[in-house]
Amino acid sequence: MTGEKELFARLCAAESYSAAIPSQEGIGIYNEKRLHRILKHTLCERESCFEVKIGKYIADICEDGRITEIQCASLAPLRAKLEYYLENTDCHVCVVHPIIVRKKLIRAERETGEILRIKQSPKRETLYSALAALYPIRELLSDARISVRIMSVEAEEYRYSERTRYRREGKYDADTFPTALVDALELSRPEDYSRFLPAELVGREFCAAEYAPYAKLRGRDIYSALNVLAAVGILSREKLGARVVYRAK
């Protein structure tokens, strides 16, 4: 993990805001693609293993019988691709999903690169929010040939214009630059998901409202996380009238 962190940091430095400003190349066109590219080069240094055609799909990485798919956004579009790999190859498939656990918000002048203001973003993704994000592929997670790797990263978001025309939506002209790899969590077996079950809830029935304070999730995300745990066999799920109750197996 130490080696991965060091490599990730070097790749981030090469694509940092300060490195991009002199020529303006890369500003405004990468965002999530930048993080995707940095992760790809962190996980595999053999470029011959990048963008490998497998049947009707192109795998991000295919190396030594292992397919790696990096998905920075929703995992829903990845489902059909994963099903195809499992049905038509003998490869192990690893889904890499990055989350931004800390992010600086930096107001900058686009033309000169001058930094005008820096503050810490109050919004943070967590391992529990990553668990909820697995909902679209939940039925595949109990397959022995599929694993998930959650990569926790730090980033800086450079905002070049304040909210004006899109004030209500809170939209900005912005670029995101990853800065550090904090940690990585590998979920290879159903029992690996037991870390998402607080000890206080083990051995008894509980509802989504009781799980919410531990996961710090809201609304649909709470149910998504619990349904993922049910899909991998960590929880049983039962509907009692209008109420759904869960129990650790």
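How many of the residues of β6 are buried? In β6, 13 of its 14 residues are buried, and the strand is thus described as mostly covered, where buried means under 20% relative accessible area, exposed over 50% and partly exposed in between, with a 1.4 Å probe and protein chains only.

## The model as a whole

This is a predicted model, in which local features need pLDDT of at least 70 and side-chain atom pairs count only at pLDDT 80 or more, while totals for chains, interfaces and linings use all residues. Residues are numbered from 1 along each chain as its sequence is written, and side-chain values use heavy atoms, with hydrogens and water left out.

The protein has seven helices and nine strands; these are DSSP runs numbered from the N terminus, with helices being H or I of at least four residues and strands E of at least two. Of its 249 residues, 45% count as buried. Among the contacts with a separation of 6 or more, 64% are between residues 24 or more positions apart, a contact being heavy atoms within 4.5 Å.

## Strands around β6

Strand β6 (146-159) is joined to β4 by 14 bridges, and these two strands run parallel; two strands pair if DSSP finds at least two bridges between them. Within this pairing, Ile99 has Ser152 of β6 as its bridge partner. Twelve bridges join β6 to β7 as well, but here the strands run antiparallel, and Arg149 stands opposite Glu186 in β7.

Lys104 lies in strand β4 and is partly exposed, with a relative accessible area of 37%. Leaving aside neighbours within four places in sequence, Lys104 is in contact with Ile118, Lys119, Gln120, Ala155, Glu156 and Glu157. The C-alpha atoms of Lys104 and Pro122 are separated by 9.2 Å, the two residues being 18 apart along the chain.

## The nonpolar cores

The largest nonpolar core has 48 residues, and those with the most contacts inside it are Leu131, Leu134, Tyr193, Phe196, Tyr211, Leu229 and Leu235. Such a core is a set of buried Ala, Val, Leu, Ile, Met, Phe, Trp, Tyr and Cys residues joined through side-chain atoms within 4.5 Å. Several elements each supply at least two residues of this core, including α5 (127-133), β7 (174-187) and α6 (208-215), and the largest share, five residues, comes from α7.

A second, separate core of 14 residues includes Leu35, Cys94, Met151 and Ala155.

## Where α6 meets α7

Helices α6 and α7 pack at an angle of about 95 degrees, with their axes 10 Å apart; axes are lines fitted to C-alpha atoms, for helices over the stretch in contact, and angles run from 0 to 180 degrees between N-to-C directions. The two helices are therefore roughly perpendicular to each other, given that angles under 35 degrees count as roughly parallel, over 145 as roughly antiparallel, 65 to 115 as roughly perpendicular and the rest as oblique.

Ala208, Tyr211 and Ala212 of α6 make this contact with Ile222, Tyr223, Ala225, Leu226 and Leu229 of α7. Leaving aside neighbours within four places in sequence, Tyr211 is also in contact with residues that include Tyr128, Leu131, Phe196 and Pro198.

## The β8-β9 hairpin

Strand β8 (residues 235-240) is joined to β9 by six bridges, and the two run antiparallel. Lys239 has Val244 of β9 as its bridge partner. Together β8 and β9 form a hairpin with two residues between them, and Gly241 in the turn has a positive phi of about 70 degrees.
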